Amino acid sequence: MRLFRPGFIAGFLFPEAIFRIKTSEKVLCLTFDDGPNPGSTLRILDILGNHNVKATFFCNGSAAEKYPELISLIISGGHIIGNHGYHHLDGWRTSIKRYIENTVRASPFTSSGLFRPPYGRLSLTQYRKLVKTFKIVFWDTMPYDFDRRFGSENSLIILKKKIRPGSVIALHDKTSSTVESFLGEFIEYATSEGYKFVIPLLSGQE
C-alpha cells in the first residue's frame, strides 16, 4: 500500500516537525533524499538550474563525506543541505543510542540544523531527543519516484493531483530514482498553475 501523504496521526505524534509550510500562498518546497550521488546529483542540479529553482538536499553523511565536491556544487547552486543520517538507518529497527549517534555523525558533512528521518520512521523517544537540536522535516507529498515499478508517469500524475499550497515534496537523488524523467515537466506544470518554489525550511516558516 502506497501512502502519498503521511497519516494525520503523524502530525499529532511529531508536533514540532515540518510536514507542510503553513501558508495559503501557492508555494512548494522541493526536497531530495539519499544523495549526493555522482550518477544523479549533477543531472538534478542541471534541471533545477535550467528552471531557476532551489531545493533542499537531505544527504547521507557517508556519501557527503565521500563526495564533498558534490556537496560544494549543491551549496554553490543556492540549495540547502540537510541531514539524512550518516547511514540510512530505519528508526523503528535501530536502538535509540545508535540512531542518535548516526545522526550526529552525519552533521559535520551535512547539517546540524535540518534532519529528515530515513524512511520517515522515527520512534517517539528518538524524536524527543533529536528535536532539541534539529528541525525535523517529513513531507506532505511523496510520489514514489524511488520505486521504478510505480513508474515516472504515475509519479508525475500524483504530484499534479496532490500538490497544494505549502507542500513539501520528497524526491530522491539516486540513480534508481525516476525523478530525472519528470522533474522538468513537473516544475513547468506547477509554474503554469501559479506555484513558486521556495526553500524556507530555515527561515522559521512551518
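Guide: F4 has a relative accessible area of 18% and is therefore called buried, a word that applies under 20%, with exposed meaning over 50% and partly exposed in between (1.4 Å probe, protein chains only). The model is predicted: local features need pLDDT of at least 70, side-chain atom pairs count only at pLDDT 80 or more, and totals for chains, interfaces and linings use all residues. Residues are numbered from 1 along each chain as its sequence is written, and side-chain values use heavy atoms, leaving out hydrogens and water.

Visitor: Why is the pair of F4 and F150 called tilted?

Guide: The ring centres of F4 and F150 lie 5.8 Å apart and the planes meet at 40°, so the pair is tilted. Rings of Phe, Tyr and Trp (its six-membered ring) pair if their centres lie within 6.5 Å; planes under 30 degrees apart are stacked, over 60 edge-to-face, and the rest tilted. F150 is also buried, at 12%.

Visitor: What makes the pair of F4 and F150 tie together parts apart in sequence?

Guide: F4 lies in the segment before helix 1 and F150 in the loop between strand 5 and helix 7, so the parts joined are 146 residues apart in sequence. Helices (H or I, at least four residues) and strands (E, at least two) are DSSP runs, numbered from the N terminus.

Visitor: How do you know that F115 is buried?

Guide: F115 has a relative accessible area of 0%, and therefore counts as buried. F134 is buried as well, at 6%.
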